[in-house]
Amino acid sequence: MQKKANRKLFHLFTGELTATILFAVMWLLYIQQQIWITYLTSFPPIYAFVLLEFILLQGSLFWFLKWKQAKQKKYVQLPYTQLRMFLLFKKINFVLIVIGALVLVYQIIKFPAGHYWFAFLYAFAIIEHINYYHIRLSYQTLDEIKEFLRQKKFRSSILAKELTMLKVKVD
């Protein structure tokens, strides 16, 4: 059981980190193509891309810390200081997402036909934020999907549960 948990946490950590790195590499490859260079190097797409990368790195960090705990056979919530850091990330994300909404409005007004890439990245970042800090949206294995269908509802994410416990301790 412990090996299975360690393996799953390791895959979550490395998967998020790999996605972050691959997205950056893909971004750089697209920029090299002359067709995309003007658009992808303008502020709105870069803003959405950096927001997405920032949130993915938070997920990678969370799963890394959980994996490190599991290796030490500690199956408890993260320490207080680490949870406070994620609470700060959550607040920063909210501010950046609100700013992103303003950037989206700007993008639609300035480039009515060219806001799709920004909107895609921005939506992806919001979905990742929700997945980490609110409700679990990703179900990767068949067993997880079956469990989700039996429950007929979304569950809180692990990080959201741990942050709720932090609020209870602080209050």
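At what angle do H3 and helix H5 (residues 116–133) pack, and how far apart are their axes? The angle is about 20°, and the axes lie 8 Å apart. An angle under 35 degrees counts as roughly parallel, so H3 is roughly parallel to H5. H3 passes H5 in a left-handed crossing.

Please keep in mind that this is a predicted model. The chain has a mean pLDDT of 83, with 81% of its residues at 70 or more. Confidence is highest in H3, at a mean of 93, and lowest in helix H6 (residues 142–151), at 59. Where pLDDT is low, the predicted coordinates should not be read in detail.

**Who meets whom between H3 and H5**

On the H3 side, the contact includes Pro44, Pro45, Phe49, Leu52, Ile55, Gly59 and Trp63. Facing them from H5 are residues including Trp117, Phe118, Leu121, Tyr122, Phe124, Glu128 and Tyr133. By class, this contact has 17 nonpolar, three polar and one charged residues.

The contact of H1 with H3 has 18 nonpolar, five polar and four charged residues.

| H3 and H5 | 8 Å | about 20° | 17 nonpolar, three polar, one charged |

**Two residues worth a look**

Is leucine 83 buried or exposed? This residue of helix H4 has a relative accessible area of 0%, so leucine 83 is buried. Setting aside residues up to four places away in sequence, leucine 83 touches Gln77, Leu78, Leu159, Glu162, Leu163 and Leu166.

Lysine 73 sits in the loop between H3 and helix H4 (80–110). With 58% relative accessibility, lysine 73 counts as exposed. Its backbone deserves a glance as well: phi of lysine 73 is near 60°, a positive value in a residue other than glycine. Most residues other than glycine have a negative phi.

Notes: Residues are numbered from 1 along each chain as its sequence is written. This is a predicted model: local features need pLDDT of at least 70, side-chain atom pairs count only at pLDDT 80 or more; totals for chains, interfaces and linings use all residues. Side-chain values use heavy atoms; hydrogens and water are left out. Ala, Val, Leu, Ile, Met, Phe, Trp, Tyr, Cys and Pro count as nonpolar, Asp, Glu, Lys and Arg as charged, and the others, Gly among them, as polar. pLDDT is the predictor's confidence in each residue, from 0 to 100. Helices (H or I, at least four residues) and strands (E, at least two) are DSSP runs, numbered from the N terminus. Buried means under 20% relative accessible area, exposed over 50%, partly exposed in between (1.4 Å probe, protein chains only). Axes are lines fitted to C-alpha atoms, for helices over the stretch in contact, and angles run from 0 to 180 degrees between N-to-C directions. Angles under 35 degrees count as roughly parallel, over 145 as roughly antiparallel, 65 to 115 as roughly perpendicular and the rest as oblique. A crossing is left-handed if the near helix is turned anticlockwise from the far one by less than a right angle, and right-handed if clockwise. Contact means heavy atoms within 4.5 Å.
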